[in-house]
Amino acid sequence: MVTLIGKPGCHLCDDARVVVDAVCAELGVRWEERDITREPELHEEYWEQIPVVLINGRQHDFWRVREDRLRAALGAPGR
């Protein structure tokens, strides 16, 4: 399970969403998006790092989400 943590109006979050959606769709991996403006505990932990990508609850990446790194972390070979 991939989790994208971000907030509305964040251009880096918008960029990360495109990458996460594309890679997860290609690999058949479920993903969810969580909003730090609606979850105080996420805001406290991640507000300086968004967007943040978690894989199975563990932090994988933040700020700039790279397609090749995400694909590799999910066990797929790079393109």
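Which residue does Asp 68 form a salt bridge with, and how far apart are the closest N and O atoms?

Reply: In this predicted model, Asp 68 forms a salt bridge with Arg 66, and the closest N and O atoms of the pair are 2.8 Å apart. Asp 68 is partly exposed, with a relative accessible area of 40%, and Arg 66 likewise counts as partly exposed, at 43% relative accessibility.

Another of them brings together the side chains of Glu 67 and Arg 71, with an N to O distance of 2.9 Å. Both of these residues lie in helix 3, where they are four residues apart, or about one turn of the helix. Glu 67 is partly exposed, its relative accessible area being 31%, whereas Arg 71 has a relative accessibility of 2% and therefore counts as buried, the cut-off for that word being under 20%.

Arg 71 also meets the side chain of Glu 26 in a salt bridge, again given as 2.9 Å from N to O. Because Glu 26 lies in helix 1 (residues 11–27) and Arg 71 in helix 3 (residues 67–73), this pair ties together parts that are 45 residues apart in sequence.

Methods
Residues are numbered from 1 along each chain as its sequence is written. This is a predicted model: local features need pLDDT of at least 70, side-chain atom pairs count only at pLDDT 80 or more; totals for chains, interfaces and linings use all residues. Side-chain values use heavy atoms; hydrogens and water are left out. A salt bridge is a side-chain nitrogen of Lys or Arg within 4 Å of a carboxyl oxygen of Asp or Glu. Helices (H or I, at least four residues) and strands (E, at least two) are DSSP runs, numbered from the N terminus. Buried means under 20% relative accessible area, exposed over 50%, partly exposed in between (1.4 Å probe, protein chains only).
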